2 protein chains.
Amino acid sequence: MPSKKSTAAAKSAHRPKSILFHSDASDPDMLYFSRFTAFDPYFAFSIGKKKIAIAPDMEANRMAEESCFDEILLLSEIRDGAAKRFKLPAGQIPDSCQLVRHIAALHRISGFTVAPRFPAGLAFELRDAGIHIDIAPADGIFPQRLIKTPDEVEALRKGNRASAAGFRAVAKTLAESKIKRGQLVHDGKILTSQRLHEIISIAALAEGAVALHTIAAGGDQACDCHNAGSGPIRAGELIVVDIFPQRPSDGYWGDMTRTFLKGKASDGQKRLVRTVKKAHAMTLDMIKPGVVGSKVHHAVEDFFTAEGYETSRAKGDMKGFFHSLGHGVGLQVHEAPNIGLKGTWRFKKGMVVTTEPGLYYRGLGGVRIEDMLHLVPGGNEPISKAPYKWQFA
Amino acid sequence: MPSKKSTAAAKSAHRPKSILFHSDASDPDMLYFSRFTAFDPYFAFSIGKKKIAIAPDMEANRMAEESCFDEILLLSEIRDGAAKRFKLPAGQIPDSCQLVRHIAALHRISGFTVAPRFPAGLAFELRDAGIHIDIAPADGIFPQRLIKTPDEVEALRKGNRASAAGFRAVAKTLAESKIKRGQLVHDGKILTSQRLHEIISIAALAEGAVALHTIAAGGDQACDCHNAGSGPIRAGELIVVDIFPQRPSDGYWGDMTRTFLKGKASDGQKRLVRTVKKAHAMTLDMIKPGVVGSKVHHAVEDFFTAEGYETSRAKGDMKGFFHSLGHGVGLQVHEAPNIGLKGTWRFKKGMVVTTEPGLYYRGLGGVRIEDMLHLVPGGNEPISKAPYKWQFA
């Protein structure tokens with residue numbers, strides 16, 4: 001899916017000493033640190049390279065099996081220790097601030113580095129209690145997340161397989177549909193965006209991934225890039241299908257987009273698709289280590305303009321190629337780097353980014369084609385794979 | 001699913017004046033405030049009862065259609081204003097702190113109330129810049145989330161329908177399975193926990209909900225309450241199935257548990273199921289407005305003890321009834337109140353809680369039965385509904 005941010009990629013090489021977390025598996029940094037799927041927030045911290053968790057007692061066994069923590073402390077024991085340290089009355093549970101102060105005292109830690117998204121409530125309390133809290137820079141607590149390991153590339157490939165399964169299901173559905181009075185009929189029912197969302201979700205599930213908020217938007221709906229689409233799909237309209245499923249087993253995402261059309265395409269639609277495909281091919285050639293990200297975005301916009309497809313970012317009249325060309329993907333569906341209008345950062349070996357040129361004009365419709373690329377020496381290798389066939393008679 | 005927290009329910013009646021958010025739809029308070037599913041964090045704030053969003057331009061149309069904001073400002077315009085206010089060089093994008101300072105100046109706001117989970121990085125910067133930041137109390141920025149509106153109850157009912165669909169699919173699968181050498185065979189394959197997770201996900205999807213991290217754990221695996229289960233399901237073992245699906249359309253959850261067994265149950269297993277069912281029925285009678293939550297938890301533990309089922313919370317030897325009896329559900333699968341060992345809070349009309357007594361003994365297995373209750377004058381009404389049939393021959 002297209003990202004709307006225009007921030008630059010990571011530059012800093014911040015190396016925190018003792019990192020503190022209080023979050024669950026919805027926090028990508030915590031997931032990167034722990035490789036553990038927690039439903040409720042818990043504490044974890046590092047001492048040098050050692051990773052330590054404070055496990056709710058009920059989670060301790062599962063954490064020992066599934067996480068990459070070097071040491072797992074039991075929450076009940078840490079609570080008992082903190083209650084003793086702060087001389088709490090019997091039965092009173094220490095609060096989060098007391099727990100952290102107890103840990104700091106036990107391990108002789110005078111302060112922690114936390115991610116910018118660390119909860120402010122606790123951070124303020126810790127500072128007030130004399131614990132030094134250092135906020136990691138905006139590029140994150142683990143800037144190394146920018147460069148993907150082979151395992152991460154493999155996890156992203158699996159995520160994209162779920163996207164590809166979704167496209168196969170959509171193609172099959174469109175091929176099987178009949179056109180009646182301008183609408184599509186499948187399995188005896190009018191085919192809607194919502195039905196496509198369902199079909200895609202089921203296909204992604206069979207590949208071990210969850211596709212939420214899938215975009216399957218026809219006609220002008222697709223010109224709002226994050227509109228998921230609703231209501232009947234019509235014959236002869238461009239259908240933008242953007243599938244970004246996440247794998248619950250490890251937290252990694254897929255992200256691919258294809259554009260479809262059932263029935264007869266107009267010359268204008270054909271030319272729009274052809275032009276976006278050319279831009280897509282151009283980016284596959286241009287994206288390589290050392291190249292400035294924004295340069296590729298500008299090259300695409302210039303190409304579109306030269307082909308007669310103007311971009312406008314005016315309020316209430318966004319058209320043409322108004323979103324970013326691409327973005328990083330990993331434990332977040334949108335993460336650094338953002339390939340957009342601004343910034344001077346350069347592609348590096350090991351990055352994984354989407355390339356997703358698109359053109360959108362009300363009346364004509366939208367086209368977006370998105371693949372995921374792994375930066376390798378001298379170029380890139382597509383991580384995603386799915387046919388580009390878009391017309392279904 | 002059982003919750004492990006033992007904190008008390010909300011007490012305070014904190015009424016913030018201007019609330020500030022910077023988050024996405026994964027933040028339940030932001031979702032409560034906006035009713036908008038955002039993929040990336042954005043700013044929103046309130047002035048009195050008025051709700052204002054700063055929409056990334058690409059999201060503005062969808063936000064106008066789907067959210068409950070009273071006013072939607074365009075991010076590009078706010079950025080332009082902030083750049084002018086801080087006299088930034090051409091092309092430089094104002095940072096988050098500058099954006100908020102610009103909003104505060106525009107609307108003559110001297111400070112904001114933020115949720116405890118507001119990002120610490122930005123909170124520190126704002127304080128350093130002289131903006132007053134008040135952290136809402138630990139019971140949350142919207143303590144009214146504790147009391148559900150009729151619309152919320154209806155959304156939770158739909159969530160539970162997805163759980164119930166999952167149980168129907170499991171029951172059908174167990175009924176159709178054949179026992180071969182102690183294992184179950186379904187569709188020509190050994191039936192595993194993973195296959196049950198898939199079957200449940202597909203059933204939940206058809207009801208418009210996403211069931212992640214579903215528990216379908218047999219035998220001793222179920223004695224670790226958050227173990228999802230893996231590997232073959234065996235004949236004659238108790239299978240705890242805990243399904244907590246979320247509806248992407250509105251963010252509300254279902255949460256129900258049933259216990260199953262394929263083949264022949266032992267007398268010990270039968271008595272275990274019977275005892276948990278009795279405890280469950282007892283809680284349906286006890287849970288009503290005015291009753292102290294922890295009293296019901298203790299009554300269940302005492303009943304189990306009287307029946308000869310001892311509870312131990314010793315490290316490494318947790319058995320019996322060692323998790324909380326229940327928890328609130330809404331935009332979080334675990335939210336206030338927690339019905340556990342501690343606390344003096346009382347049930348109130350309008351709360352929605354689970355009741356999920358359970359007993360777990362290695363060797364014998366685990367049993368948990370969970371339903372969701374809506375507190376009404378003088379008692380409660382079950383929101384969830386599914387058969388309790390557990391034995392499949």
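Predicted model: local features only at pLDDT ≥ 70, side-chain atom pairs only at ≥ 80, totals over all residues.
A polar atom of the A:Asn380 side chain lies 2.9 Å from the backbone oxygen of A:Ile287. The backbone oxygen of A:Leu284 is likewise 2.8 Å from a polar atom of the A:Asn380 side chain.

A:Asn380 belongs to strand 23 of chain A, which covers residues 379-382. Is A:Asn380 buried or exposed? Its relative accessible area is 15%, and the limit for buried is under 20%, so A:Asn380 is buried. Leaving aside residues up to four places away in sequence, A:Asn380 touches A:Thr283, A:Leu284, A:Ile287, A:Leu373, A:His374 and A:Leu375.

## A sheet of four strands in chain B

In chain B, four strands make an open sheet in the order 1-2-3-4, and their pairing is mixed. Which strands stand at the edges? They are strand 1 (20-23) and strand 4 (71-74) of chain B; each has a single partner strand, so one side of each is left without a neighbour in the sheet. On average, neighbouring strands of this sheet are turned by 20 degrees against each other, direction ignored.

Strands of a sheet pair through backbone hydrogen bonds, in either a parallel or an antiparallel way. Strand 1 of chain B and strand 2 of chain B (residues 42-47) pair in the antiparallel sense, over four bridges. Within strand 2 of chain B, B:Phe45 is the bridge partner of B:Leu20. Helix 3 of chain B (residues 75-85) packs on the sheet and touches strand 3 (50-55) and strand 4 of chain B. The direction of helix 3 makes about 60 degrees with that of strand 4 of chain B.

## Where the two chains meet

The size of an interface is often given as the accessible area lost when the parts come together. Between chain A and chain B the buried area is about 4700 Å², and carbon and sulfur atoms give 68% of this area. The contact involves 50 residues from chain A and 49 residues from chain B. How many salt bridges are there between chain A and chain B? The count is zero.

Several elements of chain A each supply at least two residues of the side that touches chain B: helix 2 (60-66), helix 3 (75-85), helix 5 (120-128), strand 6 (132-135) and helix 7 (193-206). Helix 5 of chain A gives the most to this side, with five residues.

One polar contact joins the side chain of B:His226 to the side chain of A:Glu59, at 3.1 Å. B:His226 lies in the loop between strand 10 (215-218) and strand 11 (238-243) of chain B. B:His226 has a relative accessible area of 2% and is buried. A:Glu59 also forms a salt bridge with A:Arg62, with the closest N and O atoms 3.3 Å apart. Both A:Glu59 and A:Arg62 are buried.

## Salt bridges within the chains

Side chains of opposite charge can pair when their charged atoms come close. Over all chains, the whole structure has 35 salt bridges. One of them is between B:Glu71 and B:Lys50, whose closest N and O atoms are 2.9 Å apart. This pair links distant parts of the chain: B:Glu71 is in strand 4 of chain B and B:Lys50 is in strand 3 of chain B, 21 residues apart. B:Glu71 is partly exposed at 25% relative accessibility, and B:Lys50 is partly exposed at 39%.

A further salt bridge brings together the side chains of B:Arg362 and B:Asp224, at 3.7 Å from N to O. The two residues are 138 residues apart. B:Arg362 is in the loop between strand 18 (358-361) and strand 19 (365-368) of chain B, whereas B:Asp224 is in the loop between strand 10 and strand 11 of chain B. B:Asp224 counts as buried, at 11% relative accessibility. In chain A, salt bridges that share partners join A:Asp29, A:Arg145, A:Lys148 and A:Glu335 into one network.

Key: Residues numbered from 1 in each chain as written. Chains lettered and ligands numbered in written order. Heavy atoms only, no water. Pairing = 2+ DSSP bridges. Axes fitted to C-alpha atoms, helices over the stretch in contact; angles between N-to-C directions. Contact = heavy atoms within 4.5 Å. Buried area = accessible area lost by both parts, 1.4 Å probe. Salt bridge = Lys/Arg side-chain N within 4 Å of Asp/Glu carboxyl O. Buried < 20%, exposed > 50% of the residue type's maximum accessible area, 1.4 Å probe, protein only. Polar contact = N/O pair within 3.5 Å; in protein donor to acceptor, adjacent residues only side chain to side chain.
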